[in-house]
Amino acid sequence: MNILRQLSRARDLMSRLAGGDHPDRLIQKGILAANLFDHDWYVAQHPDVPPGEALKHFLRTGWKQGHAPGPDFDAVYYLAANPDVAAAGVDPLLHYVTFGRREGRATREPEPEPFSAAWLRPRLALFQIDTDAAQKTIDDNRRGRPWPRLAPGSAVAVFIHSGSNIFMREIAELFTAGLVAAGMDAHLGDERAVLLDDGAAAPAVTLSVRVIVAPHEFFRIATNGRVVPAEWAKDAILLNVEQLHTDWFRHGLEPLRRAAAVLDINLASAALLASCGFPADYLPLGHVAGFPRFGPQPTLPDVPALETLERAIKVACPAADTPLSERPIDIFFIGYLSPRRAGIFERMAQRLSRWRCQFVLTDADHPQVSGRNAVLESEATIGLAQRSKIILNFHQTEDLFFEWHRIVLQGIWQRTLVISEPLAMQTSFSAGEHFLEVPIEEIADVIDWVLGTSAGRSTAERVRTSAYNRLTQHVQFGEILRSVFSADSTCIAEQTTR
Amino acid sequence: MNTVALPPAEATPYEIVFRHETERLPEATVIVPVWNGERFLRECCESIRQQRSVEIELVIVDDNSDDGSCALACKLVSHWRDRFARALVIRHAVRAGPAAGRDTGMRLATTQAALMLDVDNVIYPQCVRRCLDALDASSAAFVYPTLRLMGTKGGLQGYQQFDRQRLARGNYIDALAMVRRSAWADVGGFPHLAEGLEDYAFWLTLTERGYKGAQIPEILAAYRVHEAGRTALLKPIVDMLNERLEQAFPWVRLGRVQPGGNAPVPRPTAGNPDLFIDLMIRILTNTIYEDPNMLPGAPAAFVSSQRADGRDWPSLAHTMVGEARLRNLARLVDLTLLEKIPGDFIETGVWRGGCCILMRAILAVRCERQRRVFVADSFEGLPPPKPHRYPQDAGDQHHEYPQLAVSLGDVKANFARYGLLDEQVVFVKGFFDQTLPGLNAGPFALVRIDGDMYESTIVALQALYPKLSPGGFVIIDDFGAVEGCRLAVEDFRKAHDISEPMEQIDWTGVWWRKPATPRDDVGAEKKALTPTAGADARRQLQALSEAFDSRCAELGLAPNPLAFWYHTVDLGDGLVTPGSFDYRASIDQFGFPASLSGATALDVGSATGFFAFELERRGAAVVSVELPALSRWDHFPGETTTGIIGKLRERLAFHSLRPQGEIAELFRSMADDELYDVLLNGPFQFCRDRLRSKVERVYCTIYELEAALPNRRFDLVMLGDILVHSVDPLRALGQAAAVCANELVIADDIQGDDNEPAALRYVGGSRAESDIAEWWRPNVNWYRQVLARLGFREFEIGHSFETTVRPGGEKLHKRVIHAKR
């Protein structure tokens, strides 16, 4: 109905044009009324047009040749978005100034909502494949900005929410241990130190330098019905460990806007935050010698999730440097069973069933909290990794990511071979050298080769050893943290690569 | 609470049709119950044959199949017998169900542990070995591996840990598990319950006895999903079975399905009615043909994410609420049916009707024939804001959008397009402040409010929330989109102390559930039941009643306090009856001659008598005709007047301004003749006395006019709102014509224009005793033709005019026909 009416109106218009008002005059009036003409832009687009003649040129000939009056009118978009106009065969600009404007039609693609998936994907894609571009964006953004400096011996209070995911908590602990290794006086606390009994938040000034790990949870999860206000992030350092495309992250933007610095364990995410003007830097995770959480776990606890695990496996932990063949579990995976992962496992199930697997799958995408609902505590997860030959990694969604936790902390650190689908780029480890990066459809073949052939087994030994050496010798968290907060820090990635 | 134990399993008679024994000692048993599973048997047995590193005892139990299952089982097992340490093929003498098959297998097994394997599933080569090791490693009574789903559904299943509390809320462990025979023997076998739930009942029985299960974190088998089978057939009796399980296991709570915001889209499965609902949603939102957006100021192109969230104004689709809110609606409607929340469904603000069509569609697919869907709208767009009364609506521009006005005819046509226009759909036409406060309907199981403004939202909440059943749902469509709507909801919730959390559907839609246990402040409930102060009609009636009562007291009159004043009649002396129908202001529209001096007039169906007394006032000698008794009320062939009289009682209670509970009881307890006096004769006689009127009274039905008034002809015969209640309008009109010497005046809801062919539209519905006895709506040309044939030559057809019914505020459309000989 709508379209028919449009068509007949377009025909009316054309017949009126034949005798009455000249299209040039319509365009002239319409363009000026709609304020669509951008002189400088037009001149830049058409260098042959003398600057003083630009408007005249456009009104006389330009529009007939299909030139746009300015960046705010996209004829291609206008026709695509308005099939009735396209069908009527009317010049899109002429249609807009005569009808479209009054009807409130859009003249160009509307901007997607910031941090929506549609907004993020093209922006992240560049940084995910080009680490140099990512690093340059971060450096350019940091240059000349105030940045928190931490002299050795500085007191640092690290915070993690008591209801945080167990993996976030591990990162917070590692971060604290890293600061101590870097010579700081760092301690880990939670939101209960902030939410005072009188209902107010503790004044930020009475505390030392504050680092908040996993702000998307810290400022969102309620404790006794209360949530830490976003204002509390003012002047603090926030360590983001959440993927940007999740709702969790999008809802956690407020505190980020107030922070003195935002660190992100994902290079592309850090670059994107930097490109949005956040005081952002990339913080790769690294090794802390003697960090107890990730040390040898000689016995595994008796918990429901390990109920069917043989006693012999529970009470004996192969030494980290003995060959993988002495590890009793072939393939280990722990994580949220997203629909995407369910599909991958479904397709691979029969192939993988010939190997001894340990797939600890959790049900919902809500925090697995230590001591509450976590299927496995850190010790059990790390202990299983130490008893496994291979750690598998699949992304939760179609979005590229580098799952630090699974790849580095559960995998490389435990000298377990990491086999993953293609990952987002980062600067600490290399595919083929430190882990195996394989398209999903080839993963089952690669597993059969690694576990079932001598060439595969020796490759596995080489990769997992060189990965571990890389981690312990070149990716030391204390060094990384010292450089990120030192007075003359410029580029963390360069220092970790050296 | 007394527990009602499930019956123990009884042994099913069987014969051994194949037996293979060896010297080897089996480590584990695999039990395969089969019923008509010939097509799956080979693949299943093949997967057992390929098991590695384990000595197997195989027991196949044929449950008296009609197909070749038994013969094929014998053939396969015989062929592969070397692979098994022991193998049996058993045939049940009668069909007894898969649980009985498992029990028979368990009785014949000789090992410590048996894997239950249904014939349509397959196990991977390590399965039996790994299950046996897992059982050895743990103290559990049964172990279950992660399953890969195949068939009509994909993904994984059974990966969650064993958890008694989780099990108490529903089964998540398939029968494909390895069970210790000692535990099986201890609990007396698989409980006998309807097919499909016996495995769940078995896990519950074991858990109840202190046993536990354990999960094996490996994918060891593939499980075939075909919901067309027993699980789907089970649906209608699921409530009953859940109740049975709750009786047997007091710690189990199955009744409540969690009303989720995020239940998955149904997967295509054979015979799955959810698919129909899914398709309805896709069609209603038209994500199929992707019609353009017509929201002013936005691009016209179809954008699927916009449509999913209901952010655009579809140019063709029948709803603009989008997919997310439709799915939410479907889930909540289903939930009211599942939980038997009593009542009908209503949406206020329907646009093209999509949400209501979906609700009607769900009722259809769930075979629900009692509940109705109320479709409330002005069908003329939104009202202009009334900023003096609702400042929150100041500046609201919704009424300026002609795109938001969809006519009643268009909405009806939309229902008809889906084949869903029938008597289970009720249209309520008019602006909400006029229609909703007096709406004679309820209770409701679900109220969906989509009024876009403060006024439309608050009026709907005030009128409908009190009629919402406990446990029913309120959905607010515009909470996030329209500030005024949000304020209305917040004001209402605050004023009524509603603390139930609001659940968010998408960027704008929210819903909450009325608590299942009604709060004890019944007073507040009652107060809320009476319509808002904004209901002018009710206020007017209130004022008239008060003035009437006080004037009666002053004049020393004592009319029956229960009298139903159908008409507002001015009786002089400042005494005016508080009628539901007030024609005082619109009397000129009826076109009576100013003077009837010397004329005779007949008023058929006088009720309180307004027209009879009016004709008398104009000088006519008037005869008033009334029914001789309520039992003579015209009724549908084959039915009785009982239903009509019952409805009358309800209606009388509703029209009364007195407290509803007790007044309803009073009207219910009245004898029919008492009711007749209160409703028809009493008020008329009261007026007649006061007016010292000479109106002659005749008692008969409209079909008996000629006989009751022998040889009498009247200059003017008045038929006001009577033909619609006549089952046989032609005969009724014939009788009226027979006693009419000159002029016939018909005042009714007369529709149609001069171009419409003569038609008599039936409005009585298809359910017995379903309405207040309205049968036919003839159009203008029907009257023209019929009256011409009855000998009338001149017609004068007045314009349509509106009167308001008190206290409900319904608009009544009226046209008056004058026909002269």
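Biologist: How many salt bridges are there over all chains, and what makes a pair count as one?

Modeller: The count comes to 73 salt bridges over all chains. The rule asks for a side-chain nitrogen of Lys or Arg within 4 Å of a carboxyl oxygen of Asp or Glu. Mind that this is a predicted model, where local features need pLDDT of at least 70, side-chain atom pairs count only at pLDDT 80 or more, and totals for chains, interfaces and linings use all residues. Residues are numbered from 1 along each chain as its sequence is written, chains are lettered from A and ligands numbered from 1 in the order in which they are written, and side-chain values use heavy atoms, with hydrogens and water left out.

Biologist: Why is Lys234(A) with Asp235(A) called a salt bridge?

Modeller: Their closest N and O atoms are 3.8 Å apart, and the cut-off is 4 Å, so the pair counts. Both residues are exposed, a word that stands for over 50% relative accessible area, with buried under 20% and partly exposed in between (1.4 Å probe, protein chains only).

Biologist: What about Arg257(A) and Glu254(A): how far apart are they in helix H13 of chain A?

Modeller: They are three residues apart in H13(A) (residues 253-258), which means a separation of about one helical turn. Helices here are DSSP runs of H or I with at least four residues, strands are runs of E with at least two, and both are numbered from the N terminus. The two side chains meet in a salt bridge at 3.1 Å, N to O. Arg257(A) has 52% relative accessibility, so it counts as exposed, while Glu254(A), at 38%, counts as partly exposed.

Biologist: Which residues make a salt bridge from chain B to chain A?

Modeller: Lys212(B) and Glu307(A) do, with their closest N and O atoms 3.2 Å apart. The pair runs from the loop between helix H7 (198-208) and S10 of chain B to the loop between strand S6 (280-282) and helix H15 (311-315) of chain A. Lys212(B) is partly exposed at 33%, whereas Glu307(A), at 15%, counts as buried. Arg130(B) and Glu310(A) also meet in a salt bridge, at 3.6 Å. The count between chain B and chain A is five.

Biologist: How many residues of each chain are in contact there?

Modeller: Contact means heavy atoms within 4.5 Å, and by that rule 34 residues of chain B are in contact with 33 residues of chain A.

Biologist: What makes His318(B) buried?

Modeller: His318(B) has a relative accessible area of 15%, and the limit is under 20%, so it qualifies. His318(B) is found in the loop between helix H11 (304-309) and helix H12 (322-338) of chain B. Leaving aside neighbours within four places in sequence, its contacts include Leu284(B), Trp351(B) and Arg417(B).

Biologist: Why are strand S1 and S3 of chain A said to pair?

Modeller: Pairing takes at least two bridges found by DSSP. S1(A) (residues 155-159) and S3(A) are joined by four bridges, so they pair, and they run parallel. Val158(A) has Val211(A) as its bridge partner in S3(A), and Val211(A) stands opposite Ile237(A) in S4(A).

Biologist: Why is S3(A) called largely enclosed?

Modeller: Four of the five residues of S3(A) (residues 209-213) are buried, so the strand is largely enclosed by the rest of the structure.
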